[in-house]
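Please open the structure in a viewer and follow the selections below in order.

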Amino acid sequence: MDSEESRKRACEHQPNKLPVTEDKLPPHDEPAEWFLLASAVHKPSILPAIGSELFYVENARRVLLKMQQAWIAKLDCLKSPELFEHWLSKALESHYFEPLINAITDLPSSENWLFWKGQLSDAYKARRLEQLKPKISAMSERVAKGETPNEVLLEISKIAKLWQFTRAESMSTLGEKVVDELEGIWRSDKSIGAMTGYHKFDLITGGLQNNRLYVIGARPGVGKSSLAMNLFLQAAFRGTRSYVVSLEMSATEIGRRLAACESRVSEQKFREKKATEQEFKLVTSAMSRLKPLPFLIDDFSRSLSDIVMACHQAVAEGAQLLVIDYLQKIIIPNFRHNRNELVTEISGAMKDIAMSLRVPVICCAQLNRESEKDNREPTLADLRDSGSVEQDADFVGLLHEVISKGEEPHTDLIIGKNRGGQRGRIAFEFRKPIFRFDEELETP
């Protein structure tokens, strides 16, 4: 059941439903309030992250406070949804419990709690803006007489902070973190970021670091998706939990590529019915190694808002690395500006995801045709549609296929940008039939 159908059904079940004159009421979303509470029955751990100010319906707010009391008291009923539901049925009067149980019945998935919280957050922001209308009206007359609208400006600044998610830290707290981190790196084999197993890549980057946006750019067919896949695969083998958003390939296709990469058996052999029994065993053995790895593949998210929401939810559930393939395929519905501004908006959002969620983000990007036409190495200027990609990224690696007479062809990752680190290039052997990148070890 999708969210809209669930919303309609929830509306039918609300015994304390608000009057029909809803267009005159402050902005609110009653079904979303009950769905968020229903999600909390299944996932009590989200209760501390839900503020009562988001709720417009008084009955829903009271239910939230009762649930949060149970959380603070660490009651045994929190151990399972069934126990929590039973406790609430005893602790709440029927006119509070009935809309909750209806929402629990109609809830599509408790995993969508961030969506419902987002709906309430938007409605709350809109209500705060509505409250400003009479103040601005009254103040406008006084401003005409020369007064300064300090009161309204202060209120506006408070409301503006609702769109900001800063978590500022002083040096007294930062200093301890920095010293501990540096000591850990200095006295052990610990790295700043998640290791990928590619020796030179990890040496140059220090691993995939939190808050950073890593852009891999290439022309079609050169291997940007395959390199991103290899990076999160190798990181997964080392325990890093990844969430992959694929806008170009289905999850099944990525699965086949992973099987080919790990088994070193081309899927083309199966299509052409040339695979041997031994090769089939290699693939099944590879799949047994891949099955327990900690990554998820999302091939449904397409719009920027869906991707941002999916990433927030993934990190809330433990993801430590996000992979987006690829940037120029992301859409913003009804976007009315030009392509350059669209990509600028998307690029900025990718960096915001890395910063706000404090995880590394790998994002593939398409290069323009100029380097291909001129038969030259790509540069940062070749990033397609917007120069903002170069500005927002902390690391930009450009793939270049090198074919020289008398030498084996190889693929270079040209490091055009590496914030706080060295630039250079890393030579890979890209085995296209099995989508595998093997690093050619060199002396750094």
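Which residues of helix 5 are buried? Select helix 5 in this predicted model: its buried residues are Tyr96, Phe97, Pro99, Leu100, Asn102, Ala103, Ile104 and Asp106. The helix covers residues 94-106, and its end C-alpha atoms lie 18 Å apart; this agrees with the 18 Å that its 13 residues should span at 1.5 Å a residue.

The axes of helix 3 and helix 5 come within 10 Å and cross at roughly 90 degrees, which makes helix 3 roughly perpendicular to helix 5. Display the side chains of Asn59, Arg62 and Val63 on helix 3 together with His95, Tyr96 and Leu100 on helix 5, for these residues make the contact. By class, the contact residues comprise three nonpolar, two polar and one charged.

Now turn to the open sheet of nine strands, whose order is 3-2-4-5-1-6-7-8-9 and whose pairing is mixed. Strand 3 (295-298) and strand 9 (436-439) stand at the edges; each has a single partner strand, so one side of each lacks a neighbour in the sheet. From one strand to the next, the twist averages 25 degrees.

Within the sheet, select strand 1 (residues 213-218) and strand 5 (residues 361-366), which run parallel and are joined by six bridges. Leu213 stands opposite Val361 in strand 5.

Finally, show the helices on the sheet. Helix 11 (residues 251-263) lies across strand 2 (242-246), strand 3 and strand 9, and runs at about 140 degrees to strand 3. Helix 14 (residues 304-316) touches strand 2, strand 3 and strand 4 (321-325), with its direction at about 155 degrees to that of strand 4.

Notes:
Residues are numbered from 1 along each chain as its sequence is written. This is a predicted model: local features need pLDDT of at least 70, side-chain atom pairs count only at pLDDT 80 or more; totals for chains, interfaces and linings use all residues. Side-chain values use heavy atoms; hydrogens and water are left out. Helices (H or I, at least four residues) and strands (E, at least two) are DSSP runs, numbered from the N terminus. The expected span of a helix is 1.5 Å times one less than its number of residues. Buried means under 20% relative accessible area, exposed over 50%, partly exposed in between (1.4 Å probe, protein chains only). Two strands pair if DSSP finds at least two bridges between them. Axes are lines fitted to C-alpha atoms, for helices over the stretch in contact, and angles run from 0 to 180 degrees between N-to-C directions. Contact means heavy atoms within 4.5 Å. Angles under 35 degrees count as roughly parallel, over 145 as roughly antiparallel, 65 to 115 as roughly perpendicular and the rest as oblique. Ala, Val, Leu, Ile, Met, Phe, Trp, Tyr, Cys and Pro count as nonpolar, Asp, Glu, Lys and Arg as charged, and the others, Gly among them, as polar.
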